[in-house]
Amino acid sequence: MPVNDFVDFYSLQLTDEEFKRLSSLIYQESGIKLPPIKKVMLQSRLQKRLKHLGITSFKEYIDFLFSREGFDSEIIHMLDVVSTNKTDFFREPAHFEFLSQEFLPQYYLQNKTAPLKLWSAGCSSGEEPYTLAMVLLEFAENHPGFSFSIFASDISTRILQTAIDAIYKEEKVEVIPLTLKRKYLLRSKDRQNPTVKIAPHVRAKVNFARLNLMDSQYDTKDIFDIVFCRNVLIYFDRLTQESVINKLCSRIKPGGYLILGHSESILSMNVALKQVKPTIYRKV
Ligand SMILES: C[S@@+](CC[C@H](N)C(=O)[O-])C[C@H]1O[C@@H](n2cnc3c(N)ncnc32)[C@H](O)[C@@H]1O
């Protein structure tokens, strides 16, 4: 192949003006704030996207993205590129302790067989909803009639596919207690590339769907007993956080709970929630 057929995608540079256009579009569509310091990050992530599309300049990419046909097909991929998906099984374990030691025994006393409904909003690659499923299956084992369902959503279709595939590197599941691993995980036969897959009866408890928290309202099928929305709001500004929390509250039953990430809070927000523990809030 002649040298001219090669494009050095990794040297393509975003101008400040292009960065501004893209970051305000990203903010408008996803609520994610990208300060100027994130320009290099955005540039390098988009270089891969340009390469995939065979587009050879940022100008051409932006023209495509802002065109009528381009926008509909590209915006989802664009948001895939910018979302930060860091997550873990049993991340912030105090929340799962609260669930199994305080919330569930109380819920069971009062409701017994009414199916518990949970929502993992901003579920990333699935570690959070699958952790919830394992904790709830453990509880169900000793509590006859107890049942539950988990709805899990994210803005990124790419990361949702990883969640649905439910295959993880073995080191990712090290944190899961052995007793749970034995019941809820399957090991790959390929020991050169050791992976695990979440067992079918755990996967069956979680329904995944794309949902953008910037939507004007959330048309979920259920109203929930508990919503986990952890480490998602940090990417939004204060006003967007407040609006998202109010929309989440509209999908929580009276007396139900909202659980946020360790660095998120509702301090000085106008929301119908009362703090019961750090980052655990009850709808009033
Ligand atoms: C850092 S991960 C947190 C995952 C998990 N909740 C946890 O705490 O481990 C943040 C997730 O929020 C998602 N996200 C960002 N903006 C969103 C939006 N506007 N609507 C829905 N999900 C969004 C990202 O795609 C990402 O998967």
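1. The domain assignment, which is automatic or comes from a database, divides the protein chain into domain 1 (3–82) and domain 2 (94–283). The C-alpha centres of domain 1 and domain 2 are 31 Å apart, and the contact between them draws on eight residues from domain 1 and 11 residues from domain 2, two residues being in contact if their C-beta atoms, placed from the backbone, lie within 7 Å. On the side of domain 1 that touches domain 2, the elements giving two or more residues are helix 1 (16–30) and helix 4 (68–82), with helix 4 giving the most, three residues.

2. The model is a predicted one, in which local features need pLDDT of at least 70 and side-chain atom pairs count only at pLDDT 80 or more, while totals for chains, interfaces and linings use all residues. Residues are numbered from 1 along each chain as its sequence is written.

3. The secondary structure of the protein chain consists of 10 helices and 10 strands, these being DSSP runs numbered from the N terminus (helices H or I, at least four residues; strands E, at least two). With a radius of gyration of 21 Å, close to the 19 Å that the globule rule gives for 284 residues, the protein chain is as compact as a globular protein of that length; the radius is taken over C-alpha atoms, and the rule is 2.2 Å times the number of residues to the power 0.38. Among contacts with a separation of 6 or more, 73% join residues 24 or more positions apart.

4. S124 counts as buried, with 25 C-beta neighbours inside 10 Å; the term requires 20 or more other C-beta atoms within 10 Å, whereas exposed means 12 or fewer and partly exposed lies in between, with C-beta atoms placed from the backbone. F90, in the loop between helix 4 and helix 5 (94–111), also has a positive phi, near 50°, but with 18 C-beta neighbours inside 10 Å F90 counts as partly exposed.

5. Helix 7 (residues 157–165) has I159, L160 and A163 as its buried residues. They cover an arc of only 105° around the axis, which puts them on the same side of helix 7, the arc being that of the directions from the helix axis to the C-beta atoms. These buried residues pack against strand 2 (148–154) and strand 6 (206–210). Just after helix 7, A166 takes a positive phi of about 60°.

6. Strand 2 also holds F151, which is buried, with 22 other C-beta atoms within 10 Å. Leaving aside neighbours within four places in sequence, F151 is in contact with W119, N207, T220 and D222.
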